[in-house]
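Please read it beside the sequence and the model.

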Amino acid sequence: MRRALALAGRGPAHTATSSPAAVLARRSVSHITASNSQLTSTSTSTAKTTTAHFRPFIPSRRAAAPQVRHGSSSTPSESLSKTPLYDLHLAYGAKMVPFGGFHMPVQYESLSVGQSHTFTREHSSIFDVSHMVQRLFKGPGAAAFLQRITPSDLDNLPVFRSTLSTLLHANGSGGIVDDTIITRVLDGWFYVVTNAGCRAKDDAYFDTEVAKWNRDPSHAALPVEQSDQMSSRGLIALQGPDSQAILSFVLTEPIDLATLYFGHCLPAHVRLPAGDTCDVLISRGGYTGEDGFELSIPGDQAAAVTRALLDAGGPARVQLAGLGARDSLRLEAGMCLYGHDLDDATTPVEAGLGWIVPKARRGPDAGYYGAEVISRQLVPISKGGAGVTRRRVGLVVEGAPAREGAEIAAPGGGDKIGVVTSGCPSPTLGKNIAMGYVKEGMHKAGTEVDVLVRGRPRKAVVVKMPFVETKYYKGA
Amino acid sequence: MASIARCLRAARPALKVPVSRVCSARAFSATTTCNDPPTDALRKYTKEHEWIDLSADLKTGVIGISEYAAKALGDVVFVELPEEGKRVQAGDAIGAVESVKSAADINAPVSCKITAVNMLLEEKPATINQVPEDDSHGGGWIAKVSVDEQGVKDLDKLMDEKAYEEFTATEEEH
């Protein structure tokens, strides 16, 4: 699961209300222990979870549905880790499923997936995203290092701003190792959030790349260090139109969230039900298309912060939501899910993520992995570039919902032109939406295609994404 | 109507009589009342969570998905109905039930010929969530079928209600 943040927008600089170093450096011995055991237990169980996904249903029925694939969701439950909110999930009647090496809630007994989806768009929901990996890269070479493995412009990313990016393969293919959100939290400190399902692969990738970087004599003055200082923290997402009011209510300082724009972040303190306070790192953004926030919280206080938010909003304004609603919400918002809509063989340009490559880094000599391939792909064939042969598009499908793996064909029994990578009935639109890859030339909005569901062609049309208008808080 | 369906569901684990005999008091129950002659239908379940009611003369049947399956699927938003007139073998995919989060095939519980489909589900797929095991007018049944000798034989491999309840109880533990 991934969330997407656009490049940081404009807006007034923030006055830090507490030192980020204080927020980030706080870790008790118990955290370290928890973190280490967690990493040990998950690194083995998630070795092949890059295609891990949840599409939960009764196993025997699911196995019979050819278009539905099982990922690593068959991981034995003993090897799964628990997030800091595990007990809270059970207390709220969560239906738990294996996802990315963790026991994760897919939905709660109070609302169905469809109801939870709509509730998020109308009020607000809290999602536990603690399964995602919170990394920290420090050192004089941190920005330059990250600019080698991603196409982002991190030299010019202000402190407390975030950017959506992709980790790229070192072989120069332009293929995506994982998608990520990178935030500068201090000069020379970058907070990097990656997908749970890619944990083992990303761990190996970062270990190799950091070692390679530091070994290079020309980087003698630019070392980079990967720190696990953030790894035991909890991460929750508060999403929906009521989010700002609810979050404001639990903050100890009179922080004006109205000046915290999409793609910005800041450290703050939350007042806990027991009377004490807790340091949090607040980022404005999320994975639903709604306005909202993500809160990075010390692991042992993540449940208390979640309860404080639930109390502040009350059940009429805020509910817990699971992976089920998270998936349909992100799909309506046109956002990619790694392992489905993105993979090792897909480049950012094919995925329609060319916008994550800033102008300053669009040349073949930009110095990041895959720059030659990606820079040529960014220029269409008609303008002398290489362009791409396939592209990610949005589809609206008539009749049956198209799911991952459904073939896309030219209309009227034509040739195969692509494949669906995500799809579901859209609770907001009441139509079947899907995203997938089609041959260049068939990607324009309005193009009619067929999608094969259970062997039968269904009419579909290429549409622009997002399917549902996003409501990011970007200020005036 | 929905609240009654919920009550039925809540009572289900203790329910020892076949659901088909339970009078489902519905808004339009004028057509399907408790005065209907009690059928001697035999209800059996598959491991894939379909049910089939076979008539006393073993010639015709009604197919649907179980309450357990309907609940696991969540809000049903689309039902792909079987093709009328089609002959199928036990286990063949004949349609599908879809919710926001997942899709599930409907498989033929026994070899049979589809003689009618429940058109109500095209317009009101959520009926599957309300009364999935109701084989009457307004119920969530999927298709009516005719059964031959092979179909009757296939029936032996299926579970009765008690066995199915035990089966789903062990599935839930996983």
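The text below takes the salt bridges and then the helix pair.

The model is predicted: local features need pLDDT of at least 70, side-chain atom pairs count only at pLDDT 80 or more, and totals for chains, interfaces and linings use all residues. Residues are numbered from 1 along each chain as its sequence is written, chains are lettered from A and ligands numbered from 1 in the order in which they are written, and side-chain values use heavy atoms, with hydrogens and water left out.

**Salt bridges**

Side chains of opposite charge can pair when their charged atoms come close. A salt bridge here is a side-chain nitrogen of Lys or Arg within 4 Å of a carboxyl oxygen of Asp or Glu. By this rule there are 21 salt bridges over all chains. Three of them are listed here.

| Pair | N to O distance |
|---|---|
| Asp203(A) and Arg135(A) | 2.9 Å |
| Arg317(A) and Asp242(A) | 3.8 Å |
| Arg458(A) and Glu80(B) | 2.6 Å |

Helices (H or I, at least four residues) and strands (E, at least two) are DSSP runs, numbered from the N terminus. Asp203(A) and Arg135(A) form a salt bridge; Asp203(A) is in helix α7 (residues 199-215) of chain A and Arg135(A) in strand β4 (residues 133-138) of chain A, so the pair ties together parts 68 residues apart in sequence. For accessibility, buried means under 20% relative accessible area, exposed over 50%, and partly exposed in between (1.4 Å probe, protein chains only). Asp203(A) is partly exposed at 22%, and Arg135(A) is buried at 3%.

Arg317(A) is partly exposed at 34%, while its partner Asp242(A) is buried at 17%.

Arg458(A) pairs with Glu80(B). Arg458(A) is buried at 7%, and Glu80(B) is buried at 8%. Both belong to a network of salt bridges that links Arg403(A), Arg454(A), Arg456(A), Arg458(A), Glu80(B) and Glu98(B).

**Helix pair**

Helix α8 (residues 243-250) and helix α9 (residues 302-313), both of chain A, pack at an angle of about 115° with their axes 9 Å apart. Axes are lines fitted to C-alpha atoms, for helices over the stretch in contact, and angles run from 0 to 180 degrees between N-to-C directions. Contact means heavy atoms within 4.5 Å. In α8(A), Ile246(A), Leu247(A), Phe249(A) and Val250(A) meet Ala308(A), Leu309(A), Ala312(A) and Gly313(A) in α9(A).
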